[in-house]
Amino acid sequence: MAIGEFKIINTEGEARRGEFQTRMGSFQTPAFMPVGTQGTVKGILARDLEEIGAEIILSNTYHLHLRPGENVIKDLGGIHEFMNWKGPILTDSGGYQVFSLSKLRKITEEGVTFRSHLDGAKVLFSPENVVRIQETLGVDIMMVIDECLPPNATQEEVKKSWQITLNWAERSLAAKNRADVLPFGIVQGGMFEEERERAINDLIKLPFAGYAIGGLSVGEDKETMRKITAFSAPKLPKNKPRYLMGVGLPIDIVESVALGVDMFDCVIPTRSARFGRLFTMDGYINIRNKEYRTDSNPIDADCDCYSCRNHSRAYVSHLIHAKEMVGATLASLHNLRFYQRLVKMIRSKIEANEFSLFAEECRKKWNEN
RNA sequence: GGUGGGAUGCCCGAGUGGCUAAAGGGGACGGGCUGUAAACCCGUUGCGCUACGCGCUACAUAAGUUCGAAUCUUAUUCCCACCA
């Protein structure tokens, strides 16, 4: 397969089973990318990412630019060498930080000016800068800089915003130097179908290697998130991967695959793990709860992760209560393995044309609120 | 044996006449977490109720002063420091 090629192996309804090729290898879709913001998936050794079954991971342009800086990473052999992760890496552009660090930034025509959350220094994130940083890092997939708005933005604000994002997308493509760093465009448009539609129509005219749905899972209600995903995903090119940024809970992944999404990333498995929420096929448990303090069972009897093979719920519970680092690690290993087992299951179900049945079972078990 | 200091809710600890069921930690218990400024944040934590209110019981023990005491007085018990 050529770099940037997306091969669809089977479809079932809107759900797609595919494979995407990057410079550092291919990954199967639907895919879940563990989040490694600062050049590490929190609590996890690179060695263990393989065991978890991750095929691609995400990192962050903004964070790596501030520290240690893309040039340091380049001089040390590029991001794969730096992290010792030899599979594909996608970097978010810092667009999410436009949202999450909104108090520390200013949007201009040229780009986004941040006040570094580390030392307050002024940093300009222009489309051109962000492309250059990601090419310097040597990532496999780079996201264009975008403006991610809060869910309560008005239609007028949304319209103005996605037009800036679109303009930045064009400039990003124009600034590209490396053919082996694949650019992904991002659809914004807030919670308005009308704006999403226009943003999509304009964005898909641009030759991106993949298209992302951004601006969701930012605090809107579940119904809205589903509605916008259902509206947007099928309108994106069929022959390119579709990436729903920042999503989500296990049920969100199942539902979104059913709506035609191929790629996901989310901090939930790692952050939840550190805070004691552990996922199983029967739903999640809060390992901090009293009932687990003396529970000799593994976190999930059906799981093959390192934690479940070697330790009891009582042990993990104790470590989380005691704030021992290994507690966070064992919990993260488990949750990440759960997510990878989930997408693997989804892939095999789509191949067998049994995904819709599987999705129905998940809905029953995980019963959204 | 002498002198001084001290005993507060599960633990540590603030509080020296009313605004105190008693600050603040910790622990415990529960909840939250969606392109990570998150090993974080929030709530509850004396008992009982027809509970955003009421009634009990509470600051070593007992007795007192006072309209009113965790706070003042006396006695007792225990702890700590130093001196013999």
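The paragraphs below walk through the confidence, the sheets, the helix packing and the RNA-facing surface of this predicted model.

Residues are numbered from 1 along each chain as its sequence is written, and chains are lettered from A and ligands numbered from 1 in the order in which they are written. Because the model is predicted, local features need pLDDT of at least 70 and side-chain atom pairs count only at pLDDT 80 or more, whereas totals for chains, interfaces and linings use all residues. The pLDDT, which is the predictor's confidence in each residue on a scale from 0 to 100, has a mean of 97 in chain A, where 99% of the residues reach 70 or more. The scores of the model are ipTM 0.93 and pTM 0.95.

Helices (H or I, at least four residues) and strands (E, at least two) are DSSP runs numbered from the N terminus, and two strands pair if DSSP finds at least two bridges between them. Strands of a sheet pair through backbone hydrogen bonds, either parallel or antiparallel.

An open sheet of three strands, in the order E1-E2-E3, shows antiparallel pairing. Strand E1 (6–12) and strand E3 (25–29) are its edge strands, each pairing on one side only, and the twist from one strand to the next averages 10°, where angles run from 0 to 180 degrees between N-to-C directions and axes are lines fitted to C-alpha atoms, for helices over the stretch in contact. Six bridges link E1 to strand E2 (residues 15–22) in the antiparallel sense, and threonine 11 stands opposite arginine 16 in E2. E2 is also joined to E3, again antiparallel, by five bridges, with glycine 18 opposite threonine 29 in E3; these two strands form a hairpin that has two residues between them.

Another open sheet has eight strands in the order E4-E14-E13-E12-E11-E10-E6-E5, with parallel pairing. Its edges are strand E4 (31–34) and E5, each of which pairs on one side only, and neighbouring strands are turned against each other by 25° on average, direction ignored.

Turning to the helices, helix H6 (residues 127–137) packs against helix H7 (residues 155–175) at an angle of about 45°, with the axes 8 Å apart. H6 is therefore oblique to H7, given that angles under 35 degrees count as roughly parallel, over 145 as roughly antiparallel, 65 to 115 as roughly perpendicular and the rest as oblique. The axes of helix H10 (residues 250–258) and helix H15 (residues 355–366) come within 10 Å and cross at roughly 150°, so H10 and H15 are roughly antiparallel to each other.

The remaining part of the picture is the surface near RNA strand B, where a residue counts as near if its C-beta atom, placed from the backbone, lies within 6 Å of the strand. RNA strand B is surrounded by 50 residues, the closest being Cys148, Ser217, Gly246, Gly248 and Val267. Two or more residues of this surface come from each of strand E5 (57–60), helix H5 (95–100), strand E14 (263–266), helix H11 (268–275) and helix H14 (325–351), and H11 gives the largest share, six residues. The surface divides into 18 nonpolar, 18 polar and 14 charged residues, with Ala, Val, Leu, Ile, Met, Phe, Trp, Tyr, Cys and Pro counted as nonpolar, Asp, Glu, Lys and Arg as charged, and the others, Gly among them, as polar.
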